Each structure stands twice: as C-alpha cells, then as structure tokens.
Amino acid sequence: MILACHNLNKSFGEHIIVNNGSFHIEDREKAALVGVNGAGKSTVLKMIMKEEPLDQGDIILTKGKTIGYLAQQQNLVSGRSIYEELKTAKAEIIELEKQIRSIEHELKELTGQALSDRLDTYNRLMSRFESENGYAYESELTGVLKGLGFQEEDFSKKTDTLSGGEKTRVSLGKLLLTKPDILLLDEPTNHLDLNSITWLETYLINYPGAVFIVSHDRFFLNRVVTKVVEIDHGKIRMYSGNYKDYAQKKQLIRDAMLKEYLNQQREIKHQEAVIEKLRSFNREKSIKRAESREKMLNRISPIEHPITLENEMHFSLEPSCISGNDVLSIEHLSKSFDDQVLFQDISFEIKRGEHVAIIGDNGTGKTTLLKILNQVTTPDTGSFTLGTKVKIGYYDQEHHVLHNEKTIFDEISDDYPTLTNTQIRNTLAAFQFTGEDVYKVIRDLSGGEKGRVSLAKLMLSEANFLILDEPTNHLDITSKEILEKAINEYTGTVLYVSHDRYFINQTAKRILELVNHSFVNYIGNYDYYLEKKEILTPIYSSVTAPSSSSEKSAESLGRLSWQEQKEQQAKERKRLNDLKKTEDRIALLEDRNSEIDLLMSTEEVYSNSVKCQELATEKSKNEEELEGLYEKWEELAQ
C-alpha cells in the first residue's frame, strides 16, 4: 500500500464533502476517483496534498515515497520556454552530467592516489547516471512533448504566453518526467486531442508507479484503471475493475437496495392496515393483537430510501418542424489564418436524421468550420447551403451565445419572451437551477453551469439541425449519459465536434476526421473508426496539402470526394459481409460431408443401397458447390 486515507471528514459550512470516508491505493495501482460535479473529488486530492485541511481523519503516504499532483488550473510564469520548463524536471540528471564532464577534465591532470579516488567518484556517478537513463533524457523529454500534442516549433514558446490548456499540458509533461511514486491527476485529458489522450493512456498503463485520476472520460477510465473510488453524497466506496465494471456493480447495488426498501415499505403498510383493521373491531382481544403488532412494527429498523438521481439534469430535444432531406451541402470550402492552412477545398453533404461527429487534432480547424456554418466566421473560398426548413441550434464551447451581464433567468426570458415565469423556472429546474440559483449572473458561473444554461437554450430552440462544439466539456458522467440519451432520441440532424470517444461511440453514426487539411469519411461509430483508420486515412488523405496548381496531383494521392468515399466503404462492408456468408456456407457443407462419411460407415446405411445412393448424390452436389465457394472465398479474401 502506498497511500491510505482513514475516516476522512470534511465540510464547507453545512455542505458535507466527506463523512467518515476511507480508501487506499496500492503500489503501482491505477485508480479513478469518480462522482458528480460538486461531489468533492478535487477537494479530496487537495486534502491528500495538504492544500486543504482535514476536519478529521488521517492521510498516510508510505515513508520514502514521492507524490506528484496535477491540478486543473496551472499558472506558469517562469518566462522559460516550453522545452526549458520541462528540462527542470531532469535537473538532477543534468547536474549529474555536469559533474561527470567536470571530472573528465580533471582526470587529465591527476596522478597516483588522487587519480584513483577521483576515478572511484567518476565510476559511481556514471553508474547512477546510466541507471537513471541519463543518456536518453533529451529524447524522453521530446517524446513526452510530442505525445502531449506539441510540435517542435512550439518548444521555444515562452510559458507565460501560453493558453490555460497549453500550460496544463506543459505541467502534465513536467510531472510525468519527474516520475513520482504516485501521480494525482485532476482531469488530465481536458485539454488533449484524441491522439494525445491515446498516448497518455498508453503511458499511464505502463507507468511504473501508482496513479490516482479524477476524470469524466469514460473511454479513458475503461482503458487505464483497475479500481474505482466513488464519492457520493459524502460517502466513499471502492469498486474493483474499470469504469464499466463499476457502473454495472453500482446499478446492481442500487437496484438491490431499492428492492429491499420497497419490500420493507410494503410490509410496513400491510402491517399498518392490519393494525387499523384489528382496532376497528373494538374488542379487547383484537386491540391486544393490534398492540402486539405495533410493538413488532416499532422494532423494525427502517431502511433508508436509496439516494436516487432525482436532482439530475433531465431534458429532451424536439425539432419544431421537419427539414428537407438535404440538410447541409458544403462545396470547395477553404480556410486559412495567416500561413496556417486549416482545411482546403472540402466538400461533403449531410442528410436529414444523420448524427455526424467531427474529430481531429487540436488546431486543425474543427471549431472554425462550425463557426463558418453559424456565420460567426467567413470562409476564404467555397460556400455552403442549408436545405429547406432547416433551423439551426448552436452550442458554442466558449458560450458566446450567453451574455455575461445577464442573470440565468434573464438569459432565458429575453430569448423566449412568450414563456411564463413558471415555465422558465421549470425549464431551469430541469437543468439543476432552482430557487435563488436562477438569479446568478452568467459571468459568475462555472464552466459546467454555463454548459447547462446553453443546453437549456438549445432545448427551447426546437431546432431541427443541432451544431454542437464540445457539448460534453465540463459535464459530469451522469449529465453526459443524459445528453447521450437526448441526442439518440432526437429525430433531427446533429453535427458536432467532440474529443469524448465514449460519447462519440454512443451517439455518432458517421465520423468525419479532419486530417491533412481534408476530411476522411467513416460510415460508423468510433469503434468502426478505430477498426478502419489505419486503412482509410492513408488512402483518403494526402501526406501534404495540395497547392492550387496541383489538383490532379492531389487526386493521384487518393483524395476522393465524400460520395466516392461513402461508395467505397459500402463496397468494403459488402465484401466483408459476403466473405462471412461464404465462410459460413463452406463450414456448413464441410460439416455435412463429414456427417455423410460417418453415416455411410454404419451398417444401417451401407447395407441399404437406396440410402447409400442418396447420401453419395448429396455429397457429390456438396463437393461441386464447395469447389465454387472455395474460388469465391479466395477472391473475396484478396
């Protein structure tokens, strides 16, 4: 065991964060800390780091072990470059190398015992330098930076000029390079693109120390962790397994507790009815029996009603009218900022009812495309057309659709003046804003609260074409699951940008990957994308962006239109389907022939010439069909 937390108690005023909670982390274990927003996950990490005092309890880190902590917000003001900042994580190795080089210069001037003593020191330092992989620290540093999404041209950027997300990535890289015995990570994937998240997953799975992670990324948790620590209404519980295992066990426990509670309530009501009936007889014997039952009823230890999600966000999305079949048509669209090409000459269509996810690395232009469709930004070339009766509902990850100076109530009432006060309050209550909460000013809200206000406006818009930019950002897992359900039940069209792979897998029926300034089209969910990306991405995206004078060259590199990609993928699915059918038929006929051979060796058959002839004819036909099937299988397999 590397970390033990015993009988933790923490409150802020009347709000209980943890009530007598205990958990532990084993050496090299990968564990998650989960709970809804506001449950106290970040507070628990801060208590472990002694940044937040305990009310009661003990936190014990094994003697001699080191701990590293990544908070959600970072403030790097050193003025160093990104590369120099990460080098500070290797300060001991760098100092060690300096000492070794210094001794190498000294050795030339030494003789006798002085030389012998200095050589001993040199050999000791070299042994330590090699054991700590000193020769490879620079390549390790570069590997971590690139893994976290930094390009070599970014290495020289000053840390005090970086965005909040970039600072968090630098701090994460620096922390990983220090290699503490236990890592505490608070939302480490928040500012990473899909490739960087995948890299981090692999890094943490193979990390030689323990890891304790707060994250709402279910795909990430399923891959990395083997234990889940849950904080729920002040109580802490531990579950073995990944997030999927935890969710299943949690549901089973909740169902069992609810069943036990309802059974007890039925029994109590039954006994109360019997007691009331006995008393109504108004006879001494009946009254005594009633009193005896009352005593028995009073001895029952009442089971508490299981904590349900009655305060969760709940909503549905319904379009006010049905759009035409052609919802969006993009033709030859291009956009650049200065010398940076985001996308060039892209064309694709979206039909009514499609749920389409756009994925790609940070900075490739995904959000810019959505802004063009909402006329927030203009393209350099090309155009797009919306279909008949298309009404857009836009969810902006930066929440520019909200007005900082307004209250939550005014934000809704000003945009939807026909709603009554009761209707507005009921709408906001569905998004967890009740009582005086509705008068909070937008600028004072957290990211998650702003997200819920934006979703409330989206629901009220009754749009039939939803354009969503990172809709799951700042939402806890429960809220994500509710949003997934709403989108899956939505009868309109959806186009969204997301880095949440679990969310994409649950809601997308088609994926557009923005890579090398163009789109690769996948007709399927995220699992399908993972299955096909190694095949399709090299085919449908060129290695370098084509210039305007080399369109034929771009075509020769395999860049196809969306329609051609769709047709090609349909052909591939048909080939795989035909291949499976052929294999199944071959297996069936081969099994039948083996069965015929067995039957013909029995006395009952070989002594019956008619039966023997029937089986021989059947086997001959099977062999003939198999001959054709083998040829067909060979063609399909190639």
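## Two residues with positive phi

Glutamine 432 is found in the loop between α13 (421-430) and α14 (447-461). Helices here are DSSP runs of H or I with at least four residues, strands are DSSP runs of E with at least two, and both are numbered from the N terminus. Although glutamine 432 is not a glycine, its phi is positive, about 70 degrees. Its relative accessibility is 30%, so glutamine 432 counts as partly exposed. Buried means under 20% relative accessible area, exposed means over 50%, and partly exposed lies in between (1.4 Å probe, protein chains only).

Glutamate 462 sits in the loop between α14 and β15 (465-469). Its phi is near 55 degrees, again a positive value in a residue other than glycine. With a relative accessible area of 39%, glutamate 462 is partly exposed.

## Basis of the model

This is a predicted model, in which local features need pLDDT of at least 70 and side-chain atom pairs count only at pLDDT 80 or more, while totals for chains, interfaces and linings use all residues. Residues are numbered from 1 along each chain as its sequence is written, and side-chain values use heavy atoms, with hydrogens and water left out.

## The chain as a whole

The chain has 21 helices and 18 strands. Its radius of gyration is 33 Å, well over the 26 Å that the globule rule gives for 638 residues, so the chain is more spread out than a compact globule. That radius is taken over C-alpha atoms, and the rule is 2.2 Å times the number of residues to the power 0.38. Along its principal axes, the C-alpha trace spans about 115 × 85 × 70 Å.

Of the 638 residues, 45% count as buried. The accessible surface comes to about 33500 Å², and 48% of it belongs to carbon and sulfur atoms. Accessible areas come from the Shrake-Rupley method with a 1.4 Å probe; for residues, only the protein chains shown count as cover. Among contacts in the chain with a separation of 6 or more, 68% are between residues 24 or more positions apart. A contact means heavy atoms within 4.5 Å.

Two strands pair if DSSP finds at least two bridges between them.

Strand β1 (residues 3-12) and β4 run antiparallel and are joined by five bridges. Leucine 3 has leucine 61 in β4 as its bridge partner.

## Phenylalanine 343

Phenylalanine 343 belongs to strand β11 (residues 340-351). At 0% relative accessibility, phenylalanine 343 counts as buried. Leaving aside neighbours within four places in sequence, its contacts include Leu333, Thr364, Leu369, Ile372, Leu514 and His517.

## Cysteines

The whole structure has zero disulfides, a disulfide being a pair of cysteine sulfur atoms within 2.5 Å. Cysteine 5 is buried, at 0% relative accessibility. Cysteine 321 is partly exposed, at 32%.
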